[in-house]
Every structure is written in C-alpha cells, then in structure tokens.
Amino acid sequence: MNGKPLLQLQDIRRSFTSSGRKTNALNGISLLLERGETLGIVGESGSGKSTLGRIAVGLDNPTDGKVWIGGVDVATVSTTNRRELFRGSQMIFQDPYSSLNPRLKVGRQIGEGLFASGISNWRDIHERVSELFVQVGLRPDQVDRFPHEFSGGQRQRVAIARALAPGPSIIVADEPVSALDVTIQAQILDLMFDIQKQVALSYLFISHDMAVVAHLSDRIAVMHRGRIVECGPTESVVGDARHPYTKMLLEAVPRLGRRRTGEKRLPEQLPHHDAGDLFECVAPGHQVLVSENWKFKPEAR
Ligand SMILES: Nc1ncnc2c1ncn2[C@@H]1O[C@H](COP(=O)(O)OP(=O)(O)OP(=O)(O)O)[C@@H](O)[C@H]1O
C-alpha cells in the first residue's frame, strides 16, 4: 500500500427511509484512520456508530460523501475490485453468536475466509486456522467445535480469529465486549491490544461505553446525532473534555467521571448542532478538535 491514510471518510451522509419517515443517521462525518492506530467512536444509542462502521467496511454505502481505502476512492472501482479493496477491512460484532453460522464448525468458517482470500490448499488452511486459534488464546483442537460449544468470551475470540483470517489492515469492532462480563471484557480488550502489537492493524473501535473506548483507543471521536462533536487524543478527550456532550458521557461513567471535579450535574438539554456544522476528525498528531457551532435546544421528541 502507498503512504496514504488507511481509511478516509469525507462528509459521509447516510439517510434511511422507512414507512415514509426519513432518518438522517449520518450528517457529514469526516475522519482519518492512520496505520496502526485505534480510533474509538463513542456515542449513545442511535448516534450513528454502527452505520458508520458498516460504511467503513463496505457493508453499506453512503447516501453522499466519499470513502477512500489506502488512497483509493471506493466509488471509482468496479464491484470485483471493490470486494478486493474491502478484504483488508473486517468487522467484529457485538454478538458473536449471531455473526457465526451455528451449523458450521468454527474451523471451517474461518477456513472459508482463508479460501476466499486465495489459499486453496486445505492442509495449509487447516494449519493457518490452528495458528489463528493459538493467536486468539484458543486451543487448536477446538477448531472442530460448533459455536454453541464455546462460552461468550471464547466465541468472541473465534470471531476475532475469523476477522484476522484474510490478513486485514483494518478491523471495525462494533461493541465487541458489550455483551460480555466485565472480567471477560478486559481479557478481550487485552487480546485485541496484543494482536495489534503483533500484526500491523488499525482498529475503528465502536462503543457506547466511554470507559471501554478509553481503554484501547489512541484517539477518540465523540458522535452525537450523526455528527462528530469532539475528537482528539484519548488523554485529552477523557482528561479535558471540551464539548458538553462529551462531558455528559464522561459523567455517566463513574470510573472516568471521578477524575473530573466540580461538574456533577449533567446538562439538562443536549446540544443541538446546526445543519451546516461540518466537523472533520482528521487531526494528525495531538490536536484536539471541538465542534463549536452548537447551542442548547430542547430535544425533539
Ligand atoms: N437499516 C436501517 N433502516 C432504517 N433506519 C436505520 C437503519 N439503520 C440505522 N437506522 C437508524 O439510523 C440511526 C443510527 O443508527 P445506528 O445503529 O447507526 O446507531 P448506533 O449509534 O450504532 O446505535 P446502537 O448502539 O443502538 O446500535 C438510528 O436512528 C437508527 O434507527
């Protein structure tokens, strides 16, 4: 790959229309994901995080805006090349049970990913699947099990192995630990961190939980109603949040909120962003960007 950012999104918009009602899930998202970094995406339910993640891995298309993978504008490539382009972008979901085929042995499911990425010898595939199992902390003899024969944490390890199989450079993890017990959450986050040290991987790490996002991310982008309202290095966003919505998210997390003093009350109204407020989470290095163009306005119910 060239020296271009791994993933670049420019003014991404996505609306859905169902039963005659239009929802603007994304209202102009611009961000960069650099090589080897973890960009955390945090925001409450419905803020557009999953829609953003799906667009980042090619599972959905924006209504408007541009997606570049390694400097290549996705809109300019053929369907076949597009599939190839997105092979380097894999996704891990919240519920590994529903994202795994319940009727297929897990080794086979991972093997199929390897086959699709060009390994045609099943002996090589079997060997690689065993290696992947070891990499995610499972035993090679567990490859012949079905998904229901694993615990929740083990299933997420299987899902991680499957995502790693095609040798991706980007993994979008959408609430990967939300369904797990706290101790298991820490194990999976540590595993993701260790894997990133072993192989050159960038994570787009999506969660509603600021504590979880802060644990793993180099940078954090805070999403509110389909927009990024604050973005910067984790220590700045967590330690010195500027946007009221970010402060609100932090106050909702006792473990992180305790760091802050003198601001115990949550804002009674959420900030409203003007439609023309285009905010770009493209800061290289340590710059903190805060959307300034907001005012408090009662929430529309
Ligand atoms: N396929 C769809 N059809 C209609 N509306 C959709 C669709 N996908 C998402 N939406 C709407 O877009 C908005 C953003 O949804 P999205 O799932 O991206 O948010 P989220 O931040 O990931 O929330 P959650 O954590 O609850 O999944 C929501 O209002 C949702 O109802």
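Analyst: A word on terms comes first: helices (H or I, at least four residues) and strands (E, at least two) are DSSP runs, numbered from the N terminus. This is a predicted model, in which local features need pLDDT of at least 70 and side-chain atom pairs count only at pLDDT 80 or more, while totals for chains, interfaces and linings use all residues. Residues are numbered from 1 along each chain as its sequence is written.

User: Fine. Where is Ser19, then?

Analyst: Ser19 sits in the loop that joins strand 1 and strand 2, and its phi is near 50°, a positive value in a residue other than glycine.

User: Is Ser19 buried or exposed?

Analyst: Ser19 is exposed because 4 other C-beta atoms lie within 10 Å. The scale calls a residue buried if 20 or more other C-beta atoms lie within 10 Å of its own, exposed if 12 or fewer, and partly exposed in between, with C-beta atoms placed from the backbone.

User: OK, zooming out. How many helices and strands are there in the protein?

Analyst: The protein has eleven helices and 14 strands, and buried residues make up 41% of its 301 residues.

User: How is the protein divided into domains?

Analyst: Domain 1 covers 7–88 + 168–296 and domain 2 covers 94–167, with bounds that come from an automatic or database domain assignment. Between them, 14 residues of domain 1 are in contact with 15 residues of domain 2, where contact means that the C-beta atoms of two residues, placed from the backbone, lie within 7 Å.

User: Which elements supply the domain 1 side?

Analyst: Strand 7 (170–174) and helix 7 (182–198) each give two or more residues to the side of domain 1 that touches domain 2, and helix 7 gives the most, with five residues. That side of domain 1 divides into nine nonpolar, two polar and three charged residues. Here Ala, Val, Leu, Ile, Met, Phe, Trp, Tyr, Cys and Pro count as nonpolar, Asp, Glu, Lys and Arg as charged, and the others, Gly among them, as polar.

User: And what about the ligand: which residues come nearest?

Analyst: There are 13 residues around the ligand, and Phe16, Ala25, Ser45, Ser50 and Thr51 come nearest; a residue is near a molecule or strand if its C-beta atom, placed from the backbone, lies within 6 Å of it. Strand 1 (7–18), strand 2 (21–33) and helix 1 (49–56) each supply at least two residues of this shell, and helix 1 gives the most, with three residues. By class, the shell divides into two nonpolar, ten polar and one charged.

User: What's in the largest nonpolar core?

Analyst: The largest nonpolar core has 73 residues, and Ile41, Ala161, Val172, Leu204, Ala221 and Val222 have the most contacts inside it. Such a core is a set of buried Ala, Val, Leu, Ile, Met, Phe, Trp, Tyr and Cys residues joined through C-beta atoms within 7 Å. This core draws at least three residues from each of domain 1 and domain 2. Leaving aside neighbours within four places in sequence, Leu204 is in contact with Leu33, Leu39, Ile41, Gly53, Ala56, Ile170 and Val172.

User: Switching to helix 4: what do its buried residues pack against?

Analyst: The buried residues of helix 4 (residues 106–116), including Ile110 and Leu114, pack against helix 5 and helix 6. Just after helix 4, Gly118 takes a positive phi of about 110°.

User: Which residues does Arg128 touch?

Analyst: Arg128 lies in helix 5 and touches Leu114 and Ile119, not counting residues up to four places away in sequence. Arg128 is partly exposed because 19 other C-beta atoms lie within 10 Å.

User: Last one: what does UniProt say about residues 7–250?

Analyst: UniProt, in an unreviewed entry, places the feature "domain: ABC transporter" at residues 7–250; UniProt positions are given in the numbering used here, feature names are shortened, and annotations may be inferred rather than shown by experiment. In the model, the end C-alpha atoms of residues 7–250 lie 27 Å apart, and the span is 39% helix and 27% strand.
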